[in-house]
Amino acid sequence: MQRATPDDYRPVWLLAFYNQAAPHSLALFAHLALGDCPTAEFHARRCLAGLRPLVRRALRPSP
């Protein structure tokens, strides 16, 4: 994402869905699979910090 040309055309759906949180989310799961918990936590925090205000975490209703 950082190497892309900012002025290039991008479809609206792409801009609405992906942002910098997406690569951190992928890195989080990769590092968890490798057992590298400190790095996974770093990416988890960066992912949560990069979420847009309208994106909310889904919580299960309490029984």
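This is a predicted model: local features need pLDDT of at least 70, side-chain atom pairs count only at pLDDT 80 or more; totals for chains, interfaces and linings use all residues.
Which residues in H2 meet which residues in H3?

1. Extent of H2. Helix H2 covers residues 21-34, which amounts to 14 residues. From its first C-alpha to its last, H2 reaches 20 Å, close to the 20 Å expected at 1.5 Å a residue.

2. The buried face. Ala 21, His 24, Ala 27 and Leu 28 are the buried residues of H2. Seen down the axis of H2, these buried residues fall within an arc of 120°, so they line one face of the helix.

3. The exposed side. Leu 26, Phe 29, Ala 33 and Leu 34 lie on the other side of H2 and are exposed.

4. The partner helix. Helix H3 (37-50) is included in what covers the buried residues of H2. On the H2 side of the contact are Ala 21, His 24, Ser 25, Ala 27, Leu 28, His 31 and Leu 32. These residues meet Thr 39, Ala 40, His 43, Ala 44, Arg 46, Cys 47 and Gly 50 in H3, which answers the opening question.

5. Geometry of the pair. The axes of H2 and H3 come within 8 Å and cross at roughly 155°. Angles over 145 degrees count as roughly antiparallel, and H2 and H3 are therefore roughly antiparallel to each other. The crossing in which H2 passes H3 is left-handed.

6. The end of H2. Gly 35 follows H2, and the phi of Gly 35 is positive, near 80°.

Conventions
Residues are numbered from 1 along each chain as its sequence is written. Side-chain values use heavy atoms; hydrogens and water are left out. Helices (H or I, at least four residues) and strands (E, at least two) are DSSP runs, numbered from the N terminus. The expected span of a helix is 1.5 Å times one less than its number of residues. Buried means under 20% relative accessible area, exposed over 50%, partly exposed in between (1.4 Å probe, protein chains only). The arc is that of the directions from the helix axis to the C-beta atoms. Contact means heavy atoms within 4.5 Å. Axes are lines fitted to C-alpha atoms, for helices over the stretch in contact, and angles run from 0 to 180 degrees between N-to-C directions. Angles under 35 degrees count as roughly parallel, over 145 as roughly antiparallel, 65 to 115 as roughly perpendicular and the rest as oblique. A crossing is left-handed if the near helix is turned anticlockwise from the far one by less than a right angle, and right-handed if clockwise.
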